[in-house]
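Hello,

Here is the structure I said I would pass on. My notes follow it.

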Amino acid sequence: MQPEKLAHYEKVLLEQLRERAPHIREDQAAALDASDDGVKDPADLSVIDVNQEIALRLGERESQLVADIDQALLRIKEGSYGTCARCGKVIDERRLEALPTARYDATCQAAIEADNGEDEHATL
Ligand SMILES: [Zn+2]
């Protein structure tokens, strides 16, 4: 995906993150954004605390949404954003506009939902 488009979706996702969790401070949002780089030293453990704190405050449903946004932001960083995690095809941009956290294209999403409802859980 083109860098300008990635930047667009990153902006949209960050806006959604603020809408979902307006009480998250900038530094906490930054910590969330950095949390998937792996824990490299003890100071990074505070990131996990922040995530858990946010999860506790938001409740399960909201924190899942925040986690989805977080994962999408990570995929932007990794360069896998906009590509279906199941079949590897490019996700339709209209779908991404409607659902910027989409991990699968419409075909795979439907297949997954038909298969087993929801088996997507945070890997934490
Ligand atoms: Zn797919």
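In helix α1 of this predicted model, the residues Y9, L13 and L17 are buried. Around the axis of α1 they cover an arc of only 85°, so they sit on the same side of the helix. The other side of α1 carries exposed residues: E4, A7, K11, E15 and E19. The helix runs over residues 3–20, which makes 18 residues. From first C-alpha to last, α1 reaches 25 Å, close to the 26 Å expected at 1.5 Å a residue.

L13 comes up again in the largest nonpolar core. That core has 15 residues, and L13, I69 and A72 are the ones that touch the most other members. Helices α1 and α3 (45–78) each supply at least two of the core residues. The largest share, six residues, comes from α3. As for I69, once its neighbours within four places in sequence are left aside, its contacts are L13, Q16, L17 and T101. Two of the names in that list, L13 and L17, are also among the buried residues of α1.

The other residue I looked at is D105, in the loop between α4 and α5 (106–116). Is D105 buried or exposed? D105 counts as buried because it has 22 C-beta neighbours inside 10 Å, where the cut-off for buried is 20 or more. Leaving aside neighbours within four places in sequence, D105 is in contact with C84, C87, K89, I91, D92 and R95. R86 is 19 residues away from D105 along the chain, and the C-alpha atoms of the two are separated by 8.4 Å.

For the protein as a whole, there are five helices and zero strands, in the order α-α-α-α-α along the sequence. Buried residues make up 23% of the 124 residues. Of the contacts with a separation of 6 or more, 48% are between residues 24 or more positions apart.

Last, confidence. The mean pLDDT of the protein is 80, and 68% of the residues reach 70 or more. Among the elements, helix α2 (residues 26–34) has the lowest mean pLDDT, at 59, while helix α4 (residues 93–98) has the highest, at 96.

Regards

Note on methods:
Residues numbered from 1 in each chain as written. Predicted model: local features only at pLDDT ≥ 70, side-chain atom pairs only at ≥ 80, totals over all residues. Helix = DSSP H or I, 4+ residues; strand = E, 2+ residues; numbered from the N terminus. Expected span 1.5 Å × (residues − 1). Buried ≥ 20, exposed ≤ 12 C-beta atoms within 10 Å, placed from the backbone. Arc of directions from axis to C-beta. Core = buried A, V, L, I, M, F, W, Y, C linked by C-beta atoms within 7 Å. Contact = placed C-beta atoms within 7 Å. pLDDT = per-residue confidence, 0-100.
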